[in-house]
Amino acid sequence: MRYAPEDLQMIKDQLGSQSLSIIARRLNRSITAIEVKITRLGLSHTKSSTGMLTAGELAKILKIDRNTVMQWIFNHDLKYHQRVTRSKKKFTFINTDEFWLWAEKNRHKIDFSKLEPDALPPEPYWVAEERKTPRQVTSYKAWTKHEEKLVLEWHCCGKTLAEISYMLGRTRESIRKKLKRLTQ
């Protein structure tokens, strides 16, 4: 059974925002039939066809923890787009242009000295100057396994949050939250 042009357009429009099971149900087709058609149309990789970065990819480029990017999204208004891949897995995507607009207003949250030149094109003019200024952005530094072990050890030995934060060069709030996560 052939696909009508409006059915093909629906697949293209909804791929990534709806799961394949929903698209298949709307077109009265099997999931396998939809998967085959998507592959034949050259749309087989929803993630790569968006032209955006996942939160994890952005974190890797910025050399920070993925959870930091998620905190920027939920607490600091970084714009994002949620998409569903072929299965029901959701990905959080960030448009590069939207990231740069956000980053310009939130420069203090990012250590641009770690960012390779043109790693996120098109790079705004002000990034080159920011890159020259190394920052200590400890509130968004990824935790190592060794640091997690030390936090637990020192906490069990009776050290205060202030003492632990001083020894690790992190905020008391960061230590408190990490202890909470590690002991739950």
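Predicted model: local features only at pLDDT ≥ 70, side-chain atom pairs only at ≥ 80, totals over all residues.
Biologist: How many helices and strands does the protein chain have?

Modeller: Read along the sequence, the pattern is α-α-α-α-β-α-α-β-β-α-α-α-α-α. Counted up, the protein chain has eleven helices and three strands.

Biologist: What share of the residues is buried?

Modeller: Buried here means under 20% relative accessible area. The protein chain has 184 residues, and the buried part of them makes up 38%.

Biologist: How much of the accessible surface belongs to carbon and sulfur atoms?

Modeller: The accessible surface of the protein chain comes to about 11,600 Å². Of this, the part that belongs to carbon and sulfur atoms is 51%.

Biologist: Where do the buried residues of helix 2 sit around the axis?

Modeller: Helix 2 spans residues 20-27, and Leu20, Ile23, Ala24 and Leu27 are buried there. They cover an arc of only 100 degrees around the axis, so they lie on the same side of helix 2.

Biologist: Which residue follows helix 2, and what is its phi?

Modeller: Helix 2 is followed by Asn28. The phi of Asn28 is positive, near 55 degrees.

Biologist: Which residues are exposed on the face of helix 7 turned away from its buried side?

Modeller: In helix 7 (residues 96-105), the buried residues are Thr96, Phe99, Trp100, Trp102 and Ala103. They cover an arc of only 165 degrees around the axis, which puts them on the same side of helix 7. The face turned away from that buried side carries the exposed Leu101 and Lys105.

Biologist: What do the buried residues of helix 7 pack against?

Modeller: Strands and helices both take part. The strands are strand 1 (53-54) and strand 3 (90-94). The helices are helix 5 (55-62), helix 6 (66-76) and helix 8 (126-131).

Biologist: Which backbone nitrogen does a side-chain oxygen of Asn95 reach at the start of helix 7?

Modeller: The side-chain oxygen of Asn95 comes to within 2.7 Å of that nitrogen. The nitrogen belongs to Asp97.

Biologist: Is Lys178 buried or exposed?

Modeller: Lys178 lies in helix 11 (residues 172-183). The cut-off for buried is under 20% relative accessible area. Lys178 has 9% relative accessibility, so it counts as buried.

Biologist: Which side chain does a polar contact join to that of Lys178?

Modeller: Not counting residues up to four places away in sequence, Lys178 touches Trp143 and Glu148. The polar contact is 3.2 Å, and the partner of Lys178 is Glu148.

Terms used. Residues numbered from 1 in each chain as written. Heavy atoms only, no water. Buried < 20%, exposed > 50% of the residue type's maximum accessible area, 1.4 Å probe, protein only. Helix = DSSP H or I, 4+ residues; strand = E, 2+ residues; numbered from the N terminus. Arc of directions from axis to C-beta. Polar contact = N/O pair within 3.5 Å; in protein donor to acceptor, adjacent residues only side chain to side chain. Contact = heavy atoms within 4.5 Å. Areas by Shrake-Rupley, 256 points an atom, 1.4 Å probe, with all protein chains shown as cover.
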